[in-house]
Amino acid sequence: MAPFALGLSNHVVPMALHALNRSRLCKAFQQQSEGLLTGSFVLLQGGQDQARGSTDYEPTFRQESYFHWAFGVWEPGFYGVIDLNQNKATLFMPRLPESYAIWAGEIQPPSFFKDKYEVDEVVFADGLAAWLKAAKAAVLYVLKGKNTDSGQFYTPASFPEKEQFRVDDGRLFPLITELRVRKTPLELDV
């Protein structure tokens with residue numbers, strides 16, 4: 001089991017916590033839906049790197065909260081898909097240019113992130129649409145809703161060729177929000 005920690009003296013968060021969250025989400029969809037369609041997937045988009053215009057300054061990156069709840073990923077530029085029928089998780093990582101290694105060090109392969117985040121598969125994000133087609137995605141559930149604390153709206157995940165898929169932006173937000181409010185023993189331990 002790969003844990004997550006920000007340092008030696010910080011609390012260790014097991015990746016099992018995120019796997020449990022995904023499992024709870026699958027169960028919530030299955031209980032709410034009479035006859036969940038084969039090929040039903042949740043698609044979440046992680047946070048993206050930001051840069052201050054015309055500079056090389058990047059503010060401290062903070063992962064999108066719902067994405068982190070489901071996958072535990074800390075790096076920017078990822079997408080995550082949860083197969084609601086099979087409770088399988090796939091991460092889609094950015095394909096970084098070789099020059100990235102000059103500033104940030106070794107570029108890790110998909111297998112590194114598969115082990116790190118304990119998911120079923122990791123592929124490059126530029127293959128997301130092809131992967132969904134091969135998986136026979138019947139419907140993609142994406143986040144869209146209003147944060148009642150900030151008043152800000154969550155923007156649904158966006159990727160090239162998204163218009164080729166049936167997208168439901170109404171059901172995921174209330175379900176995942178309710179699950180995030182009701183903490184599991186693993187979450188309470190953190």
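Two strands are taken to pair if DSSP finds at least two bridges between them. On that basis, this predicted model contains an open sheet of six strands, in the order β6-β5-β4-β3-β7-β10 and with mixed pairing. Its edge strands are β6 (121–124) and β10 (167–168), each of which pairs on one side only. Within the sheet, strand β3 (residues 40–45) and strand β4 (residues 79–83) run antiparallel and are joined by five bridges, and Val42 stands opposite Ile82 in β4.

| Helix | Strands it lies across | Angle |
|---|---|---|
| α1 (residues 15–32) | β3, β4, β5 (88–93) and β7 (139–141) | about 50° to β4 |
| α4 (residues 110–117) | β5 and β6 | about 145° to β6 |

Asp83 belongs to strand β4. Although Asp83 is buried, it has no salt bridge, and the nearest side chain of opposite charge, that of Lys88, is 6.8 Å away. The side chain of Asp83 does, however, reach the backbone nitrogen of Gln86 at 3.1 Å. When its neighbours within four places in sequence are left aside, Asp83 is in contact with Cys26, Ser40, Phe41 and Lys88.

Pro14 is placed in strand β2 (residues 13–14). Its relative accessible area is 17%, and Pro14 therefore counts as buried, the cut-off being under 20%. Pro14 and Glu118 are 104 residues apart in sequence, while their C-alpha atoms are 9.9 Å apart in space.

Methods
Residues numbered from 1 in each chain as written. Predicted model: local features only at pLDDT ≥ 70, side-chain atom pairs only at ≥ 80, totals over all residues. Heavy atoms only, no water. Helix = DSSP H or I, 4+ residues; strand = E, 2+ residues; numbered from the N terminus. Contact = heavy atoms within 4.5 Å. Axes fitted to C-alpha atoms, helices over the stretch in contact; angles between N-to-C directions. Buried < 20%, exposed > 50% of the residue type's maximum accessible area, 1.4 Å probe, protein only. Lys, Arg positive; Asp, Glu negative; His and termini not counted. Salt bridge = Lys/Arg side-chain N within 4 Å of Asp/Glu carboxyl O. Polar contact = N/O pair within 3.5 Å; in protein donor to acceptor, adjacent residues only side chain to side chain.
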